[in-house]
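Student: Please take a close look at one chain of this model and say how it is packed. I would like the cut-offs along with the numbers.

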Amino acid sequence: MKSGLRVRRLLLSAFATSVVLLLTGCWDRLEIEDRAIVLGVSVDNASPGAAKRESEISHTAEGFPVPNVNMIRVTVQIALPGKIPLGPGESGGGGKGSEQTVWVIGTEGHTVDDAIMNLQQQISGRLFFGHLRVIVVSEDVASLGMQNINDYLHRNPEVRRMAWMMICKGSAEKVMRAAPELERVPALYLMSTMDNAVKLGKFPENYVGMYWSNTAKQGQEGYLPYVELKKEQNIEVKGLAYFKDDKLKGMTKPFQVAAYMSIKGMNPAGYRGVVKIGGDSEMVMIYATSRSSSIKVRMQDGEPIVNVSIFTEINLEEKINDQFTINDSASLTQIEKQDEKSLKLEVENLIRQMQEKGADIFGFGEYVRAKKPGYWNARIGSKDRWQSAFKELRVEVEVNSKIRRIGMKAK
Amino acid sequence: MKQAKRITTVQVAAIMTSTIIGVGVLPIPLFAVRGADSGAPLVTLLGASVAFIGLFLIARLGMRFPGQSIVQYGEVVIGKWLSWIGSIGIIGFFAILTSLTAREFGEVVITSVLTETPLEVTVIVMLMLAAISTRNDITTFAYIHLFYFPLLIGPALLIVALSLKNADMVNLQPIWGNSHKDMLASVLTIASLFQGGFIITSVIPAMREPRKAMMASMIGLVIAGGLYVTIVGATVGVFGSEETKNLLWPTLELAKATSLPANVLERLDAAFLAVWVTAVFTTLFSSYYLAVKELSKLFRLQDHKMFSFFLLPGVFSMAMVPYNILHMYEIIQNVGRIGLFVTIAYPGLLLVVAILRKKRGEPSEERSAG
Amino acid sequence: MFLFGRKKRRRSSGGGEQPWHSADRLNDSVVDGNLERAVGQIRGVLGENDDFTIRRFQVFGRFPAAMLFYPNMIDMTSVNSEILKPLMYGPPHVEQLPEKGGELWDFLLETTLYHSDVRSETLVAKVVSDVLRGQTAVVIEGVDKALLFGTRTIDKRSIDQPATEQVIRGPREGFIELLSTNISLIRYRLQTPDLRVKTMEIGRRTRSKVAICYMHGITNPELVKEVTRRLDLIDVDAILDSGYLEQYIEDNQLSPFPQVQYTERPDKVVANLLEGRVALMVDGSPLALVVPTVFSQFYQAVEDYTERFLLMSAIRWARLIALVFSLVFPSLYVAIISFNPELIPTEFAVAVAGGRAGVPFPAIVEVLVIEISMEVLREATIRLPQQVGGALSIVGVLVVGQAAVAAGFASPITVVIIALTTIGSFATPAYNAALALRLLRFPLIVLAGIFGLYGVMIGLILIANHLLSLKSFGVPYMSPLVPGSPNGMKDLFLRGPLWWMNKRPKFLYPGDKTRISDQTVEDLKEPPNNVLEPAKMETNGKK
């Protein structure tokens, strides 16, 4: 039929035009070399006078007023294309410092997004956060509250939940600029520091996604690694930084991380300790290899009591001197008992320290909520109430250690 | 065109599953935790059970009239004019459902993957894909669903399995959750995710053995429901119910947080989205096919092909109605409630009246049905 | 339906008595004993040809006769000694030769002619068409029938390895152009009365002989009827190759995927016949067609069945991966690099960015340009003579690619990806399917360039939907995968052991369903009989 033919022709031409229109815009195509791949971000407090230095990029005096918050300085580490070769690279290319492989640049702003927009104004490529691996926040900023940082990163679809966020002592920007010898790309060095810490059992696996999960939970608080820049441009893991809601409350010592991991039963275990059996000169170094723990909640007089029972397996690493021998199971048992006592003390100290600050990083609240929902729904029901209830929570700790290996030496 | 009655039971189960698993896979954990916190898997299960009731009614009705679809036996049971109202309601509802599904799909794509592409383009491309595909007959329809079925289940299960190592059992307790104020709303929202199962009313007339329709649709529902429960369980187990409430598309975040062993591929979410596109396509395909097919039967036409492009502009403009993503979700909630009424109450009514009036369909061999 | 879009063709009477231009006036004229008239008519139709000979002679010295033939198409020796000589000389053992023309006929046939293939013909038109086929016609004064001898001998090449399908283990015979030889190659492999061969003539001017082969009792008779019907409808000038036939009988000409398989190997044809398919062969073409076809046939090779099943299953997997590679690899590359670089590990992403830093074009343009040059290169190497061709392909790939990278025109990773894709497309045994996938790459690349991974998925969904709606003579193209039949799965991704595949494919609806008797399957499961076991042999010997 003629009209049928005409209709078909019309449809075809409409289709063709639309195809042409579609083809003229590949809207999202952004070539990889046009992107500025951001590997690491650091957040510090801005130096005084920053407000004056800032150009009016995201806000003006009248129309879009300035948010009334503390100004921060955001620094990013951008990978230079082509400067990070995959193969063995030219000789001398690796050791010359970070200037060769990355570009570190920073600017100030009122909020994280503000600062990043200010930064984008200065950079040619589009900032791309898909490979963001480390976020370093200085202590000062963290004590004032992490809410803005968390919200920005959470909303951005490019950011991955497996990135590492850490709190550092002093200036975070210095950490960003550090160029340790071992690795071509500083941000990747930071990342491998943390990944290796996890593998060695020195720190629990705590990506930023998990931190967000923990912070959101009603019966738990978040925590982050606490690092410090050392002289040789390397980073030392100095403990746990614990939070109450979004504010940094304090830091623990490195060994206390072991206590934390024992409570949570996290493996692998990696801390060593000194155990005294008998007099001052009778000391041995033991090394925990694996842990397991079980946390139980029971009700007594209408109040919950949390019972933590920890089981660790330890190796005997080193005897301090030869004046005593270890060649029978009784001495091993003695070591075990001593270890149990020491660990229990440490654990209880840690718990008490957290209770003083009202920061339940162990998640005991979650256990109460899960196992005793009746009590939780009636008496607690929200995060603030748990934070105050946590201070009075009774916790019992039991530790059980077993020596598994004593090395190759017979006594 | 004469329809072959060649659809096997296995194909029907595949059709059901791949239709139900669609765009709702991404936000379902959010809906579930809103209802009962850590009791999210339970809420999902309850939602599936509500859908089960609806599906049971529809399957029973379809088996009673094995050669006809709901438009046709509606006329038989309650008379021409009344059933026209019901049928138009169904067709309109599924056209709206198609548009909302396409819109939700477009929103996900432009938010998480293609941030610069205009929403209209993503929506129209998907709708055109569905429209082109609906020009086939029902046997090809069944083949397409059967083919894509393992492609949906496999990666979904893979991601769930890989993410379980990060899951914490504490997050899933107490099993019935802590707060229940919005539980009913969540259950209904989740039940409305299963509405695609209505496609079985179009499929039964073309089945080789209509007696097995009940079993096939039940199997399909169990698989889809099981997959939903597993996904919700994995998401809440990994993130915890509170964090899940913060996420608009928790399943996508779950895929983001998962990595293959030895870090071969790091962020699986882009790959997951690619698989999810297939799931959305099968759902869109089914609901659009249902609308087009039933419309052609309403007008007693042999061929449904002309409607596939005819309805397209209407569906597209409906897809552009919501102003933004939150508005869209509100509309989806409301439309879902209405849909539950249309897909459960109306067939229920038909079934009751049919039993009372002792109406039954012939197990037709000669009818050019379907 | 599959005839949609094709104009109705005029029915020809089965087998090809189609009118020619110059022969119209010959319609009903017969050989009636008048030698000069018949010869005059024939010469009038055939025109002035220097390669057409009319040899006049006298039968037994008495009856004038003429022999008409094309000397280039006959076996001259046999014509001389078996036709001319006995006709001129007369049988030595007979005393009395016939006097009249009327008795001559039986006499000649029974006692004189030594040739085994003799026919008689009255219609002049038919005599002409037979002479055109290389037969020799003898017209005798007074005899009202013409004698036709089957003397067709055309120079042919020897049976050689099939050029396009070479195997390590398997027969090395390939079809040649002559239909008779090809049929013989099939017959000696299927020495059973069930093999039926029907011939037709298709093409007005070429009068090409087309043979339809099938196995009676296995092939579904409806299929044979349908094939014959579709062939009957073809009314064209010329069928020069089986490829022409393929295009006329296909279900869907618009699809890039072939619905008819072709092969040069007799063993492949025989295997397909035994499964219940129909084979078509055209005189003048060394490629036989096999219908109906399903997609899984395109990555199965003959060697799969002659070697051990575990190894061949692994190799089949490699082939499948190569097939998928050749389709999606470049588009995936474009999608990931331009849209989603977060999918690749960080160090790799930065290195790729470095590799691309000097290239002025976006990734999609670069990929398209290199792909198109690759296609051009491929076409060029096909047409080059042997000696130059080999060198050029290596030069083309290595040197030009390297130079392109050094010139900053392409990044090294792109070249690697394209090279892998090209090599992958060679791994597909069937050239026509490989061609389809090769060319479908381009729309996928374009889609990837517009929408990224999402575009690749859309493209793949479109292709999959198309494949799922395709049918070849009614068989769904994706059988046995899609109308899922567990029996068919045994040969789909893995090659099951031979004793597993004891039934013919269900989707061909064969008559006789079993291939291997149950007894053999049982016997194979028995433990082996260790005849020459040392333990047994030694003790026996020592006794």
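Tutor: A residue is buried if 20 or more other C-beta atoms, placed from the backbone, lie within 10 Å of its own, exposed if 12 or fewer do, and partly exposed in between. By that count, 60% of the 370 residues of chain B are buried. The model is predicted, and local features need pLDDT of at least 70, side-chain atom pairs pLDDT 80 or more, while totals for chains, interfaces and linings use all residues. Residues are numbered from 1 along each chain as its sequence is written, and chains are lettered from A, with ligands numbered from 1, in the order in which they are written.

The overall dimensions of chain B come next. For 370 residues a compact globule would have a radius of gyration near 21 Å, and the 20 Å of chain B agrees with this (taken over C-alpha atoms; the rule is 2.2 Å times the number of residues to the power 0.38). The C-alpha trace of chain B spans about 60 × 40 × 35 Å along its principal axes. Its secondary structure consists of 16 helices and zero strands (DSSP runs numbered from the N terminus: H or I of at least four residues, E of at least two). Among the contacts in chain B with a separation of 6 or more, 85% join residues 24 or more positions apart (contact: C-beta atoms within 7 Å).

Chain B also touches chain A: 22 residues of chain B are in contact with 22 residues of chain A. On the chain B side, α5 (80-113), α11 (241-246) and α12 (250-257) each supply at least two residues. That side of chain B divides into seven nonpolar, nine polar and six charged residues (Asp, Glu, Lys and Arg are charged; Ala, Val, Leu, Ile, Met, Phe, Trp, Tyr, Cys and Pro nonpolar; the others, Gly among them, polar).

Leaving out residues up to four places away in sequence, I37(A) touches I78(A), A79(A), F128(A) and H131(A), together with A349(C), V350(C) and A353(C).

Definitions and conventions: Contact = placed C-beta atoms within 7 Å.
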